[in-house]
Amino acid sequence: MLLRLTRFQAVTLCALPVVALIATAAFAPLPFSVAQPGPTANVLGWSKGTEVITISGAPVRRTIGQLRTATIVVTGPDAKVSLGAVVGNWFRTDRAVMPHNAVYTGNTDEEIERHNMAQMRESQDAATQAALKYLGLGTGKVRIALKLAGVGGPSAGLLFTLGIIDKLDGDGSGGDLTGGRTIAGTGTIDADGGVGAVGGVAQKTQAASRDGATVFLVPKAECADAKAELPNGLRLVPVTTLKSAVNSLVALETNPGSVPSC
């Protein structure tokens with residue numbers, strides 16, 4: 001015997017699988033990570049009870065001002081990010097939704113941790129070489145140790161390098177490289193002083209402004225991303241090399257109108 005359905009009943013019956021599919025998609029984990037502003041750390045000071053930059057074999061200056069490296073906090077590698085979370089965070093100015101494989105390299109927490117720590121060590125080595133090369137000092141005479149607890153990856157490279165230069169030479173004329181300001185920034189560094197892009201700059205500018213920075217050094221290639229959610233009162237200074245970063249910081253004191261902006 002055939003059961004005749006009303007139009008409403010037929011539509012309802014057909015709609016049920018669609019609703020079920022949407023509900024399943026809304027809660028199913030998706031291959032995305034969510035980033036937000038993280039802590040910043042003054043490389044000229046201490047972090048979690050440890051001095052970030054220690055130098056032996058050369059006179060060390062007493063510095064004024066801060067050089068803060070900015071970070072982001074990202075959902076863990078095993079975190080389940082649902083469609084609802086992706087949509088909800090997509091429209092927030094203090095969040096960024098990124099493909100999982102753009103954030104993490106590795107299949108396990110241990111692999112990811114090893115990769116991030118290896119990148120940090122390479123960044124620290126490059127920062128030391130770049131700073132000493134810029135200052136014309138030999139690596140055999142000056143010994144530098146860099147320690148920043150809880151931070152992995154290469155994005156602190158530029159700020160490490162500037163911190164070493166400020167502690168050893170300041171602005172080159174007896175003053176501080178920071179000019180007494182709170183300067184923040186991000187960027188990789190190579191041994192020859194080249195500055196590279198890092199990602200997450202929109203969230204890093206927010207972290208920097210929150211922690212009192214008035215100037216933010218950003219890799220030039222990421223100017224557009226940094227401007228997207230730029231906090232009021234934070235000046236973006238694009239950099240491509242260590243030399244351009246140092247020149248801009250010195251010029252902020254002597255000739256601020258000559259300092260480039262994004």
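**Exercise 1. Determine which residue pairs with Arg181 in a salt bridge, and which parts of the chain the pair joins.**

Solution. In this predicted model, Arg181 forms a salt bridge with Glu253, and the closest N and O atoms of the two side chains lie 3.1 Å apart. To place the partners, note that Arg181 sits in the loop between H5 and strand S8 (182-185), whereas Glu253 belongs to helix H8 (residues 242-254), so the pair ties together parts of the chain that are 72 residues apart in sequence.

**Exercise 2. Work out whether Lys133 and Asp192, which form a salt bridge, are buried or exposed.**

Solution. Begin with the contact itself, in which the closest N and O atoms of Lys133 and Asp192 are 2.7 Å apart. Lys133 lies in helix H4 (residues 109-135) and Asp192 in the loop between strand S9 (188-189) and strand S10 (195-196), so this pair connects parts that are 59 residues apart in sequence. Then take the accessibilities in turn: Lys133 has a relative accessible area of 53% and is exposed, and Asp192, with 62%, is exposed as well.

**Exercise 3. Describe the salt bridge between Arg61 and Asp166, and state which network these residues belong to.**

Solution. The closest N and O atoms of Arg61 and Asp166 are 3.4 Å apart, which falls within the 4 Å cut-off for a salt bridge. The pair links distant parts of the chain, with Arg61 in the loop between strand S4 (53-56) and strand S5 (66-74) and Asp166 in helix H5 (residues 157-168), 105 residues apart. The two partners fall into separate accessibility classes, since Arg61 is partly exposed at 22% relative accessibility, while Asp166 is buried at 0%. Finally, Arg61 and Asp166 are linked with Asp176 in a network of salt bridges. A search of the whole structure finds six salt bridges.

Note on methods:
Residues are numbered from 1 along each chain as its sequence is written. This is a predicted model: local features need pLDDT of at least 70, side-chain atom pairs count only at pLDDT 80 or more; totals for chains, interfaces and linings use all residues. Side-chain values use heavy atoms; hydrogens and water are left out. Helices (H or I, at least four residues) and strands (E, at least two) are DSSP runs, numbered from the N terminus. Buried means under 20% relative accessible area, exposed over 50%, partly exposed in between (1.4 Å probe, protein chains only).
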